[in-house]
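Subject: The structure I promised you

Hi,

Here is the structure we talked about, so please open it and keep it beside this email while you read. I'll walk you through what turned up, one topic at a time.

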Amino acid sequence: MTTPITLPHEQPAWHALALAATQLPHLRALLQDPQRPARMTVQAAGLTLDYSRQRVTPTVLQSLIDLARQSRLEAQRDAMFRGEAINTTEQRAVLHVALRGSADDTPTWAPAVSREVRTELERMLALATRIRAGDWLGASRKPITDVVAIGIGGSDLGPRMAAHALQGVVDQPVRVHFVSNPDAAVLHQVLQGLDPLRTGFVVASKTFTTQETLLNAASAQRWLADAGVAQWSRQFIALTAAPAQAQALGYEPDQTLRFWDWVGGRYSLWSAIGLPLAIAVGAEAFTQVLTGAHDMDRHFAQAPLAHNLPVLMALLGIWQRNFLATPTQLVTSYAAPLALLPSYLQQMDMESNGKRTHADGRPVSVATGPIVWGGLGIDGQHAYYQLLHQGCHRVAIDFIGTLRTEVPLPLARQHLQFNQANMLAQAQALSVGRDAAATRALLIQSGLSDAEADRLTPHRSFEGNVSSNLLWLDTVNPATVGALVALYEHKVFCQAAIWQTLAFDQWGVELGKTVANEVLAALSQGQPLPAGTDEATQAALRFVRDAAQASHSLAATLSGTAPASPSPSLA
Ligand code: F6P
């Protein structure tokens with residue numbers, strides 16, 4: 001039986017917030033308060049959140065905290081940490097925090113979980129160390145110098161993002177490459193230039209049934225075989241929660257690392273799925289990533305709601321999404337090593353909170369997860385920022401910056417200051433804007449006539465009032481990267497807890513996988529599509545098949561063996 005829940009819009013605080021949203025001052029006015037920056041800055045696990053540029057008043061903040069309490073956020077959080085089966089559509093616990101936990105954690109998970117986690121982590125770090133030392137020998141007894149990590153979604157994005165972020169921080173004696181997309185061009189581009197006798201593959205898949213990953217792995221196995229590597233399995237490592245599935249496909253037990261069904265795909269960076277990262281940065285740095293995340297876990301578990309970084313970010317996101325009607329969340333980094341963070345967060349947030357059903361099965365009564373997007377700030381300034389300043393969309397922004405740099409270039413400090421200044425400038429311009437009177441005065445001051453100033457004023461005024469968080473890392477290092485990822489994980493969790501949705505399943509993605517398998521069987525093996533398949537899909541399938549047939553016939557004609565057939569059409 002489904003436990004009855006109180007829907008978010010039924011909470012008393014929801015009504016208070018809806019009313020407050022109608023009476024909000026412009027950010028320009030709010031930012032006159034000299035106490036605001038100190039009052040609205042929180043630190044944890046090496047990160048500093050300055051949320052003073054959020055369009056909130058003290059009353060709004062208090063109501064947001066009330067909303068968290070009324071939603072029983074702390075109880076829901078504690079249930080997750082205790083390992084209760086909070087993923088109720090799959091009857092699973094959600095224990096990625098246990099992957100980075102320590103023995104003295106309270107609340108704590110089952111001791112057996114801790115033991116298994118530790119054993120597998122030690123195996124994984126030992127393997128990474130061996131590979132980095134050149135002691136992983138390929139089938140022809142040559143040391144592996146390049147590792148190609150094959151996986152997709154949560155089995156790719158996290159290790160890829162963190163390895164990219166940390167590549168300048170530690171030596172990389174073994175090159176790590178990532179392949180996710182099944183377009184042959186991607187694998188080809190990575191493999192060309194690599195030596196098959198010295199290239200190892202890490203195949204990461206929680207289920208070991210993901211077709212994109214299995215196709216790329218099969219293609220890589222064929223590449224090895226064509227180069228004369230007789231026993232491909234010696235050069236392959238499997239990372240999976242389904243070891244039997246991997247072994248049925250020929251992977252070797254001593255080259256299989258496992259994790260558990262209570263680790264969601266998009267939360268698996270901390271598990272064996274992190275092996276490519278551990279190979280890229282080494283066991284010590286990988287451990288620091290775990291420690292950084294663990295520090296954030298402790299903060300999340302223990303800090304009062306009003307000073308709790310993930311809770312605050314979640315509440316401010318809810319304020320934007322539900323009360324200020326802001327449908328998108330921009331993550332813009334002024335630290336270039338974090339270039340891949342937005343695509344990582346897209347999965348984290350949109351796969352978790354892209355839901356339209358409450359936990360009890362009722363359709364959602366309020367808007368849920370935003371569209372998450374982003375990239376590098378300075379590059380964005382020369383591309384899409386114009387829309388932020390003068391476009392018609394509401395956007396909430398997380399600016400991410402660093403306080404220090406360790407880049408060994410003589411002008412590194414100037415580079416850093418340039419990035420910091422731009423981040424502050426954009427946050428200022430977007431929040432305060434420039435009203436018509438100020439713009440007109442400036443134009444007159446610059447020597448324009450009254451008529452010319454009047455003509456240009458609307459074009460050169462800026463509404464402002466765009467809310468943003470400033471999130472500062474000391475530097476981009478293993479611990480801050482770990483803490484940052486854990487921060488966003490918990491933010492997403494808190495939002496689902498308040499929206500009363502389930503953050504840990506992804507049935508929409510599963511539907512896509514099922515339908516893709518049916519269409520692939522029809523396309524590659526000529527099997528019939530399931531009865532009732534819509535006409536558009538059937539027509540498109542005929543179009544693709546006819547195109548293949550036409551190109552086949554053309555090739556035959558050119559080689560003088562068959563007549564050409566007409567071009568395909570969607571008719
Ligand atoms: O993208 C959907 C998803 O199910 C993710 O949750 C998961 O990270 C990804 O597919 C890959 O799945 P697997 O690790 O089983 O190959």
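**Salt bridges**

Glu90, Arg92 and Asp261 are joined to one another in a network of salt bridges. Before you go looking for them, keep in mind that this is a predicted model.

Across the whole structure, the search comes up with 26 salt bridges. Take arginine 234 and glutamate 252: they form a salt bridge whose closest N and O atoms are 2.0 Å apart. Arginine 234 sits in the loop between α9 (211-226) and β6 (236-240), and glutamate 252 sits in the loop between α10 (243-248) and β7 (256-258), so this pair ties together parts that are 18 residues apart in sequence. Are the two partners buried or partly exposed? Arginine 234 has a relative accessibility of 24%, so it counts as partly exposed. Glutamate 252 comes out at 15%, so it counts as buried. The cut-off for buried is under 20% relative accessible area.

Next, have a look at arginine 266 and glutamate 351, whose side chains meet in a salt bridge at 2.8 Å, N to O. That pair links distant parts of the chain: arginine 266 is in the loop between β7 and α11 (275-281), while glutamate 351 is in helix α14 (residues 341-353), 85 residues apart. Both arginine 266 and glutamate 351 are buried.

There is also a salt bridge between aspartate 505 and lysine 355, with 3.0 Å between the closest N and O atoms. This pair links distant parts of the chain too, 150 residues apart. You'll find aspartate 505 in the loop between α20 (478-499) and α21 (507-525), and lysine 355 in the loop between α14 and β9 (371-376). Aspartate 505 and lysine 355 are both buried.

**Around the ligand**

How many residues surround the ligand? There are 15, and the closest are Ser155, Ser205, Lys206, Thr207 and Thr210.

- Serine 205 has an N or O atom in its side chain that is 2.6 Å from an oxygen atom of the ligand.
- Lysine 206 uses its backbone: an N or O atom there lies 2.7 Å from a ligand oxygen.
- Lysine 513 has a side-chain N or O atom 3.0 Å from an oxygen atom of the ligand.

On its own the ligand exposes 390 Å², and the protein buries 92% of that.

Serine 155, one of those closest residues, is in the loop between β3 (146-150) and α7 (157-165). Its relative accessible area is 12%, so serine 155 is buried. Now compare where serine 155 and serine 268 sit: they are 113 residues apart in sequence, yet 7.0 Å apart in space, C-alpha to C-alpha.

**Aromatic rings**

A pair of aromatic rings is described by the distance of the centres and the angle of the planes. The count here comes to 16 aromatic pairs. One of them is tilted: tryptophan 14 and phenylalanine 323, with 4.6 Å centre to centre and 55° between the planes. These two link distant parts of the chain, with tryptophan 14 in helix α1 (residues 12-21) and phenylalanine 323 in helix α13 (residues 309-323), 309 residues apart. Tryptophan 14 is buried at 8% relative accessibility, and phenylalanine 323 is buried with a relative accessible area of 12%.

Tryptophan 232 and phenylalanine 236 form an edge-to-face pair, with 5.1 Å centre to centre and 85° between the planes. Phenylalanine 236 has a relative accessibility of 1%, so it counts as buried. Both residues belong to one aromatic cluster made up of Phe201, Phe208, Trp223, Trp232, Phe236 and Tyr251.

**Two last stops**

Glutamine 381 is in helix α15 (residues 377-381) and counts as buried at 17% relative accessibility. Its side chain is joined to that of tyrosine 334 by a polar contact of 2.7 Å.

On the surface, Leu523, Phe543 and Val544 form a nonpolar patch, with about 230 Å² of accessible area together. Phenylalanine 543 lies in helix α22 (residues 535-558) and is partly exposed, with a relative accessible area of 33%.

Key: Residues numbered from 1 in each chain as written. Predicted model: local features only at pLDDT ≥ 70, side-chain atom pairs only at ≥ 80, totals over all residues. Heavy atoms only, no water. Patch = residues over 30% accessible without salt bridge, like charges linked within 9 Å, V, L, I, M, F, W, Y side chains within 5 Å. Areas by Shrake-Rupley, 256 points an atom, 1.4 Å probe, with all protein chains shown as cover. Salt bridge = Lys/Arg side-chain N within 4 Å of Asp/Glu carboxyl O. Helix = DSSP H or I, 4+ residues; strand = E, 2+ residues; numbered from the N terminus. Buried < 20%, exposed > 50% of the residue type's maximum accessible area, 1.4 Å probe, protein only. Near = heavy atom within 4 Å. Polar contact = N/O pair within 3.5 Å; in protein donor to acceptor, adjacent residues only side chain to side chain. Phe/Tyr/Trp six-rings, centres within 6.5 Å; stacked < 30°, edge-to-face > 60°.
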